[in-house]
Amino acid sequence: MKQNIAIAIDGPAAAGKSTVAKIIAEKLTYVYIDTGAMYRALTFKAIQEGIPLEEEEALMDLLEKTVIDLQQSTAGQQVLLDGEEVTLDIRTEQVTNQVSIVAKHGKVRHEMVKRQRELAAKRGVVMDGRDIGSHVIPDAEVKIFLIASVQERAERRHKENKEKGFSSDLEKLKEEIRRRDQIDSEREVSPLVKADDAVEIDTTSLSIKEVAEKILRVVHDKLDRGE
Ligand code: CDP
Ligand code: CDP
């Protein structure tokens with residue numbers, strides 16, 4: 001009998017989390033929740049409103065009156081900020097380069113984690129981020145930690161940009177990825193860390209399909225054991 005479980009997928013930038021999380025959610029008809037989009041949406045709004053990203057209290061005031069809604073559609077996940085679609089606006093280089101500063105603040109994380117736990121309370125979810133298995137859903141039935149070399153991750157982003165018609169500089173992408181990984185791993189509150197019971201998958205030389213198959217095997221083993 002099929003059970004609804006929580007699947008946590010964590011790892012550094014461009015390790016392939018959101019791509020495979022979407023595939024897994026689709027295969028299992030689960031809900032996909034992109035927690036990075038929540039930090040990105042707040043960062044986008046703070047930049048728009050000219051709020052200094054180092055000021056935790058100002059960010060908290062902003063977050064308290066901000067509604068971030070993640071909706072599933074046939075075109076993929078849509079991100080709504082106070083009812084307005086910002087799906088693409090939150091992926092700009094400006095937001096990408098500053099989101100980790102916002103995500104460092106303990107109070108901001110506390111509120112985001114509260115919202116994320118509410119979303120995960122109803123099982124049948126695939127949630128991706130940095131601290132999902134270690135902090136947001138410590139009792140997730142399946143925990144995956146995806147990694148890949150910096151070179152490979154930068155090349156993936158480079159290719160992705162090219163496909164979208166943007167030019168990018170590989171060396172700059174490597175630098176940005178290293179910098180963001182460092183801030184995410186070194187912050188005091190729920191840093192990017194592999195949970196003790198997570199299955200680590202190095203995706204450097206694996207295709208998206210191969211990664212998805214590996215994860216589905218872990219999920220099916222778990223479901224078959226009925227744990
Ligand atoms: O897709 P990409 O790896 O570029 O990033 P993302 O998943 O959209 O997350 C953007 C940023 O949000 C990360 O670099 C972290 O600073 C922060 N984040 C976090 O702190 N905790 C999470 N659970 C998810 C994202
Ligand atoms: O969510 P995260 O930042 O971890 O990564 P992503 O946005 O899912 O993946 C970054 C890019 O790498 C996308 O263009 C994926 O298509 C690509 N990718 C890949 O080439 N091979 C994989 N095994 C996983 C992702």
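Here is a short briefing, grouped by topic.

This is a predicted model, where local features need pLDDT of at least 70, side-chain atom pairs count only at pLDDT 80 or more, and totals for chains, interfaces and linings use all residues. Residues are numbered from 1 along each chain as its sequence is written, chains are lettered from A and ligands numbered from 1 in the order in which they are written, and side-chain values use heavy atoms, leaving out hydrogens and water.

**The annotated domain**
- UniProt's unreviewed entry puts "domain: Cytidylate kinase" on residues 7-220; such annotations may be inferred rather than shown by experiment.
- That stretch, residues 7-220, is 51% helix and 17% strand, counting DSSP runs of at least four residues (H or I) as helices and at least two (E) as strands, numbered from the N terminus.

**Around ligand 1**
- There are 20 residues around ligand 1, with Arg40, Arg109, Asp131, Arg180 and Asp184 coming nearest (a residue is near if one of its heavy atoms lies within 4 Å).
- By class, this shell around ligand 1 splits into 6 nonpolar, 4 polar and 10 charged residues; Ala, Val, Leu, Ile, Met, Phe, Trp, Tyr, Cys and Pro count as nonpolar, Asp, Glu, Lys and Arg as charged, and the others, Gly among them, as polar.
- Helices H2 (35-48), H4 (93-102) and H8 (170-186) each bring at least two residues to the shell around ligand 1, and H2 has the largest share with 4 residues.
- The side chain of Arg180 has a polar atom 2.8 Å from an oxygen atom of ligand 1, while for the side chain of Arg187 an N or O atom sits 2.9 Å from a ligand 1 oxygen.
- On its own, ligand 1 has 530 Å² of accessible area, and the protein covers 97% of that (Shrake-Rupley method, 1.4 Å probe).

**Around ligand 2**
- Taken alone, ligand 2 exposes 540 Å², of which the protein buries 82%.

Key
Polar contact = N/O pair within 3.5 Å; in protein donor to acceptor, adjacent residues only side chain to side chain.
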